[in-house]
Amino acid sequence: MTNNLQKKERTAVSSNPILAVENLSKSYGDLRILKDVSVAIEAGDFLVLVGPSGCGKSTLLGCIGGLTEITSGNIQIDGQDVTHTDPAKRDIAMVFQSYALFPNMSVGDNIGFGLEVRKVPKTERDEKVNQVAELLKIEPLLDRAPAQLSGGQRQRVAMGRALVRDPKLFLFDEPLSNLDAKLRVTMRTEIKRLHQRLNASIIYVTHDQIEAMTLATKIVVMKDGVIQQVGSPREIYDTPANIFVADFMGSPAMNILDADVTMDGLMARVEIAREDGQEPLILYDTNPGEGITSRPAGPLKVGLRPEALTDLGSRSVNADQQFDCLLDVVEPAGSDTFAVIRLGGTEVTARMHGDVDVNSGDTVPICFDLTKISYFDPKSGERL
Amino acid sequence: MSAISRSREKWVLLFPAILVLSLITVLPFLQTVWTSFTDAEITAREQQVNWIGLENYIWALTDPDFLEALGRTMYFTAVSVGLEGVLGIAVALLLNQKFRGRWFLRVIIILPWAVPTIVNAVAWRLIYHPDYGALNSLLLQLGFIDSYTSWLGDPDRALNMVILADVWKNFPLVAYIALAAMQTIPGDLLKAAAIEGAGAWKRFRSITLPWIIGPMLVVLILRTIEAFRVFDIIYVMTRGGPSDGTKTASFYVYQEYFSYLRSGSGASYAVVVAGISAVLILAYYAGIRRDQRGA
Amino acid sequence: MHRSLIASFALYSAALLLTLFTLAPLVWLVLMSISSPNDLTSVPLNWWPTEVDLSRYGHLVDLNNGAGHRFLAALRNSLLTAGGATLIALIVAVPAAYAFSRRGASLALLFVFLATIMMPPITYVLPLYEIFGGLGALNKTTTLIIVYSAMLLPFATWLMKSNIDVLPVEIEQAAFMEGASTAFTLRRVVLPLALPAIAATCMLSFLVAWDEFFYALIFTSDLSAKTLPVAIADFSAGRVTDYGVIASVGVLATLPPAILAICFQRFIVSGLAAGSVKG
Ligand SMILES: Nc1ncnc2c1ncn2[C@@H]1O[C@H](COP(=O)(O)OP(=O)(O)O)[C@@H](O)[C@H]1O
Ligand SMILES: [Mg+2]
């Protein structure tokens with residue numbers, strides 16, 4: 001392994017982001033696709049850009065790569081303004097969703113294409129191609145044509161083509177979305193391992209929030225061309241910036257319920273209506289944030305992750321806040337059992353232990369854990 | 001790539017094409033327009049070329065021979081394109097049926113299209129030959145005629161005989177386009193109509209024809225543009241004769257230039273012909289638009 | 001659905017009629033070329049040759065025979081002219097097509113390109129004749145090649161454009177990301193992918209050039225540049241007493257396009273459809 005594939009020294013002081021996008025907008029005619037987008041990534045970051053299909057993720061990646069003209073804003077790579085620079089001169093590599101392998105070239109030539117363009121001598125080129133092939137475990141495929149490869153193999157070749165040049169930044173556009181579920185999980189792990197090993201700077205686009213959570217050091221959630229939240233996977237999961245992020249990230253999705261929230265001493269009293277005629281649930285949040293304490297009482301949206309509604313198991317739950325609930329539907333999923341409960345005018349999901357013995361129609365005690373409750377403005381949907 | 005270099009690159013890529021077309025078509029066309037306002041002649045001598053304004057055009061548009069040639073061209077165009085349309089659709093309908101040996105017909109149908117125009121003209125001239133032609137012999141042996149006829153010798157008939165030869169060569173193109181369009185009709189649509197009790201004619205009128213009309217319109221306008229400039233087949237089969245009975249507009253201009261050597265007046269005829277072609281070309285683009293909107 | 005007997009009969013009759021209408025003129029041309037002059041001048045005709053006479057073909061490929069000399073010269077000129085023009089047209093058309101397909105060049109310009117070939121050649125011919133005359137370039141194969149390449153260019157550009165349109169754009173983007181220039185990407189990525197389209201475009205261009213008569217008639221005057229169509233027109237206009245000679249020249253001139261058309265029918269038909277219908 002020559003040094004180009006060895007771990008880069010992580011720069012201790014991250015004064016200079018490897019990529020900085022500032023106030024980028026992109027329109028096609030009157031259609032505004034990206035609206036005032038700003039993101040930055042430090043060397044060694046694995047930034048995952050996540051959002052529903054059609055929200056402009058590929059467009060943003062195309063802008064960063066230089067494949068798409070931007071309408072306004074600017075882009076810097078390693079401190080240099082590249083807003084109007086050729087893709088060729090940005091020192092970026094991209095892995096496309098469709099892999100975009102050159103069908104008329106062998107796997108080896110595909111991987112070595114960038115070196116061929118740079119007129120690297122054949123022997124040196126072969127050496128580097130072989131190293132990458134070894135890293136990705138595709139040495140036996142080097143002489144094949146892309147058409148003869150399986151989806152997973154093509155994916156590796158596409159990554160090999162990106163890796164061989166040792167660029168400043170990698171762009172991945174939904175690289176796993178064309179693989180079957182099992183392979184997707186394997187490749188996910190492998191990409192993560194690769195990132196740790198090479199300490200590369202990566203921007204990775206996906207519409208799959210699980211990929212985002214598992215891979216990212218930093219997540220950017222986007223919707224309709226607008227960035228909703230930037231943060232670590234933990235931050236995004238625990239403190240979603242708005243109802244959209246809360247709903248989009250996490251599976252099953254966060255439960256969003258209507259509630260009446262009033263201050264009761266230092267605690268917030270959260271009252272959630274129940275099905276026809278039943279007593280409302282009264283829950284207490286012992287540590288409400290400033291957004292709640294300073295707010296007049298009234299109806300709000302509250303968000304509770306499914307794991308905040310659980311059975312009395314080994315988890316350290318606050319058994320104080322325990323209520324009998326009717327389980328509408330029970331869905332065992334192996335390690336967990338999910339149950340649907342009607343609460344607050346909607347259906348909520350509770351996450352119970354995999355080994356609980358419950359059936360649809362049972363009424364069982366459910367513990368409510370409000371330590372990570374989120375409050376949202378009912379009109380704007382913003383976090384309070 | 002930056003906006004500037006990309007748009008500059010576009011022109012670099014286009015430059016050779018624009019250069020070739022400017023030199024070989026656009027500039028000569030402008031030259032022709034200019035010449036049409038002069039009394040220029042084709043001559044080896046030094047000549048004084050005078051600007052004479054619209055005189056050539058006044059002459060051209062009042063020249064009964066030229067107007068007749070235009071009328072003849074329109075007749076040729078209308079009849080041959082009309083026949084090609086009808087024959088093309090009929091052949092496509094036939095080839096869209098399932099029957100034994102269909103593949104063979106589909107293959108050989110391309111042959112007339114592949115025959116060079118000049119060979120087509122020569123072959124039909126031989127077939128029409130007044131003394132030894134195959135048409136005479138065939139009709140005589142079948143008892144349709146009593147004695148040999150000079151098919152191309154009669155001014156009124158000659159043009160129709162030329163049209164037949166032209167239709168034979170050009171119907172395959174129309175048939176292929178019609179067939180391609182018909183093959184995109186969902187089979188269920190026709191089946192459903194048949195179950196509803198629609199007869200063959202009704203199905204053709206209300207499903208097939210509307211489905212293929214767009215592409216047909218486009219290909220027929222294209223054929224119209226081509227037919228309107230007809231020259232080769234006339235040159236070989238009749239040289240415009242007999243008694244100018246097949247003298248079409250292009251042939252007329254050709255003679256004005258290269259027989260009478262009057263480039264000024266020839267150019268004005270050419271510009272008139274070009275003007276009519278331009279109208280047809282615009283119709284073609286309108287047809288394409290319509291076709292795309294319909295699709 | 002089963003066809004009735006009457007419908008079947010009508011169908012097969014129509015098919016037979018169409019076969020006769022399509023093939024009869026061609027078969028007769030071939031028969032003429034191998035019939036003896038006596039068979040061809042009997043009244044009524046002797047449809048089937050009493051003996052097969054291949055001597056005309058022998059003469060046509062014999063350089064020492066007058067007709068053969070003319071025919072072979074014209075054949076050479078036609079091959080050179082059509083081949084050369086096709087090559088130049090393609091070389092010029094591919095970058096232009098790329099500009100239209102991928103660099104946002106205005107389609108209005110492409111329509112102007114196409115309009116130039118829809119105009120009757122008589123609108124261009126005289127100035128060209130005078131310019132080439134002034135340059136002493138009349139009666140030269142090169143001159144015809146240049147004129148023909150302008151004639152082939154718009155259609156070739158159009159065909160190539162619609163074929164590049166459907167290539168996956170990401171593959172080119174991948175090449176750009178890898179640092180390739182547009183020229184390099186065209187050569188190494190786009191052209192190999194567009195190879196079938198290029199073959200189809202070449203074939204159609206070649207056939208159009210092979211068929212061209214008007215410019216050749218006006219710009220050439222002797223064996224050094226006359227193409228086959230002009231030579232055939234000469235043959236048929238001259239005082240040839242044996243019509244079989246004309247027929248055999250016709251057969252030989254038809255063979256190359258007919259073989260191409262039959263072998264590559266799918267290519268050609270889809271190319272024609274693209275050229276005439278698709279927007
Ligand atoms: N070239 C284009 N012209 C017009 N609209 C486009 C173009 N490319 C993408 N779009 C639109 O931009 C939006 C975002 O597309 P994209 O970035 O591909 O979404 P994502 O990758 O997040 O699924 C889509 O609505 C798409 O239709
Ligand atoms: Mg996308």
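This is a predicted model: local features need pLDDT of at least 70, side-chain atom pairs count only at pLDDT 80 or more; totals for chains, interfaces and linings use all residues.
A polar contact is a pair of N or O atoms within 3.5 Å. An oxygen atom of ligand 1 is placed 3.0 Å from a polar backbone atom of A:Gly56. A backbone N or O atom of A:Cys55 is 3.2 Å from an oxygen atom of ligand 1. With A:Ser58 the contact is made by the side chain, one of whose polar atoms lies 2.6 Å from an oxygen atom of ligand 1.

Residues 19-249 of chain A carry the annotation "domain: ABC transporter" in an unreviewed UniProt entry. In the model this span is 37% helix and 26% strand, and its end C-alpha atoms are 25 Å apart.

Two strands of chain A are connected by an aromatic pair. The ring centres of A:Phe172 and A:Tyr204 are separated by 5.8 Å and the planes meet at 25°, so the pair is classed as stacked. A:Phe172 belongs to strand E7 (residues 169-173) of chain A and A:Tyr204 to strand E8 (residues 202-206) of chain A; the two residues are 32 residues apart, and the pair links distant parts of the chain. A:Phe172 is buried at 5% relative accessibility, and A:Tyr204 is buried as well, with a relative accessible area of 0%.

Elsewhere in chain A, A:Arg305 is positioned over the face of A:Tyr237, 3.9 Å from the ring centre. A:Asp86 and A:Lys89 form a salt bridge through their side chains, with an N to O distance of 4.0 Å. A:Asp86 has a relative accessible area of 18% and is therefore buried, the limit being under 20%. A:Lys89, at 63% relative accessibility, is exposed.

Over all chains, the structure contains 27 salt bridges. In chain B, B:Arg72 is bridged to B:Glu68, with 3.1 Å between the closest N and O atoms. The two residues lie in helix H3 (residues 64-95) of chain B and are four residues apart, about one turn of the helix. B:Arg72 is buried, with a relative accessible area of 14%, whereas B:Glu68 is partly exposed at 47% relative accessibility. A network of salt bridges in chain B links B:Glu84, B:Asp166, B:Arg223 and B:Glu226.

In chain C, the closest N and O atoms of C:Arg56 and C:Asp242 are 2.8 Å apart in a salt bridge. This pair links distant parts of the chain, the residues being 186 residues apart: C:Arg56 is in helix H3 (residues 55-60) of chain C, and C:Asp242 is in the loop between helix H12 (228-237) and helix H13 (243-263) of chain C. Both C:Arg56 and C:Asp242 are buried.

For chain B, an unreviewed UniProt entry lists residues 12-30, 74-95, 107-127, 173-195, 207-225 and 267-287 under "transmembrane region". Two of these spans are described here. Residues 12-30 of chain B are 100% helix and 0% strand, with end C-alpha atoms 25 Å apart. Residues 107-127 of chain B are 81% helix and 0% strand, and the distance between the end C-alpha atoms is 24 Å.

A total of 41 aromatic pairs is found over all chains. B:Phe171 and C:Phe21 form a tilted pair, with a distance of 5.7 Å centre to centre and 40° between the planes. Because B:Phe171 lies in helix H8 (residues 155-182) of chain B and C:Phe21 in helix H1 (residues 5-34) of chain C, the pair joins two chains. B:Phe171 is buried, with a relative accessible area of 0%, whereas C:Phe21 is partly exposed at 27%.

Residues of chains B and C also occur together in a cluster linked by ring pairs, made up of B:Phe231, B:Tyr235, B:Phe251, B:Tyr254, B:Tyr257, B:Phe258, C:Tyr129, C:Phe132, C:Phe213, C:Phe214, C:Tyr215 and C:Phe219. One of these residues, B:Tyr235, has B:Arg239 over the face of its ring, 4.0 Å from the ring centre.

Notes:
Residues are numbered from 1 along each chain as its sequence is written. Chains are lettered from A and ligands numbered from 1 in the order in which they are written. Side-chain values use heavy atoms; hydrogens and water are left out. Buried means under 20% relative accessible area, exposed over 50%, partly exposed in between (1.4 Å probe, protein chains only). UniProt positions are given in the numbering used here, feature names are shortened, and annotations may be inferred rather than shown by experiment. Rings of Phe, Tyr and Trp (its six-membered ring) pair if their centres lie within 6.5 Å; planes under 30 degrees apart count as stacked, over 60 as edge-to-face and the rest as tilted. A charge sits over a ring if NZ of Lys or CZ of Arg is within 6 Å of the ring centre and within 35 degrees of the ring normal. A polar contact is a pair of N or O atoms within 3.5 Å; within protein, one must be able to donate a hydrogen and the other to accept it, and residues adjacent in sequence count only if both atoms are side-chain atoms.
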